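Please view the sequence and the coordinates together with the text.

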Number of protein chains: 2
Amino acid sequence: MNDVNPLPLTTSVVFRLGTLGSVVTARFTTALAELELKPKHVGLMVALDSGAPPSQLELARIMAVAPSLVVSLADHLERIGAVDRVRDPADRRRQVLALTDTGRELLADCTALAHRLDEELTASLTGPEREALRRTLGLLGAEAGLPTSD
Amino acid sequence: MNDVNPLPLTTSVVFRLGTLGSVVTARFTTALAELELKPKHVGLMVALDSGAPPSQLELARIMAVAPSLVVSLADHLERIGAVDRVRDPADRRRQVLALTDTGRELLADCTALAHRLDEELTASLTGPEREALRRTLGLLGAEAGLPTSD
DNA sequence: TATTGTTATACTCTATAACTATA
DNA sequence: TATAGTTATAGAGTATAACAATA
């Protein structure tokens, strides 16, 4: 009905990125269920994996979520043995979080799972198209302050 | 800490698309507030704009949301004068929704807004990079059943 | 009896505010 | 008094289930 408009809303990067991101996250969420994890748990493990063991409040700032949410995410990860929570002896108010060996294995499982979903998602792309997509998303993500590894 | 891993989670398309999609949707949501709209209202208007006036139940199937959600989205759009709701004379159970002139103007505003955000978001990309991104996202979105216009 | 739309209710996610322990 | 973490509470968003009108 809107073919007359030279630039419909559905052609915008904002629309396509938002809707496709939502679909892809839904798939990832479903696949993560077998590991007893939600995407935010994975986000917390990614943050822990990429630097010095931070306090929960620092994590909240890094992840741009409320401190109370870090508490419940850490509660769950501790319960399944993925993180250690140790009081900082130098300041006993601080809880320092660190991935356990189990946590690192779990993160590796999430990583394998994401790359398996990647193959399904991008099966119709050529190799160069897939790499261009990965690279461009990484660039824009880095500009937006998201974790990136290259 | 995970630099030894040749393929970290953060390099996957799934991770990058999910996180960046979430950031971009948050920006779009903020910008839409001045039009008294949420992204799902825009989704409903997009669906109405791209075909024959459908019933609310058909809309719910197209948008993959619960019928009760279509009711409240349509309530709001009707309240601000963006859609007409008329009982189908041939089957008085059906409410047929259609964009009004106001609704079409509103959708045009949303479209302009999305393209303005596109410029900000992709300012660091070259023209060909931006078009490749748009095209690839459109392809993958179409495969996932999302609305596309090219 | 089946279907469309609506209303009532509940669940998930996440934030804000109140509180505890430590500094 | 200020800060880290926790707990209590509340709000947004959306689904499921019960219901009303029409077929």
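## Basis of the model

The model is predicted: local features need pLDDT of at least 70, side-chain atom pairs count only at pLDDT 80 or more, and totals for chains, interfaces and linings use all residues. Residues are numbered from 1 along each chain as its sequence is written, chains are lettered from A and ligands numbered from 1 in the order in which they are written, and side-chain values use heavy atoms, with hydrogens and water left out.

## The largest pocket

The largest pocket has a volume of about 1500 Å³. On a 1 Å grid over the protein atoms alone, a pocket is an open set of points with protein on both sides within 12 Å along at least five of seven lines; a cavity is a set where a 1.4 Å probe fits but cannot get out, and lining residues have an atom within 4 Å of a point. A volume is the space filled by probe spheres set on the points, which are joined across faces, edges and corners.

Of the 49 lining residues, Gly18(A), Gly21(A), Ser22(A), Gly21(B) and Ser22(B) are the closest to the centre of the pocket. The largest contribution to this lining, 10 residues, comes from α1(B) (helices are DSSP runs of H or I with at least four residues, strands runs of E with at least two, numbered from the N terminus).

## Cavities

The whole structure holds 3 cavities of 30 Å³ or more.

## Annotated region and salt bridges

An unreviewed UniProt entry lists residues 10-142 of chain A as "domain: HTH marR-type"; such annotations may be inferred rather than shown by experiment. This stretch is 67% helix and 8% strand, with its end C-alpha atoms 25 Å apart.

Over all chains there are 18 salt bridges (a side-chain nitrogen of Lys or Arg within 4 Å of a carboxyl oxygen of Asp or Glu). One of them joins Asp101(A) and Arg104(A), whose closest N and O atoms are 3.0 Å apart. These two residues are separated by about one helical turn, because they lie 3 residues apart in helix α5 (residues 101-121) of chain A.
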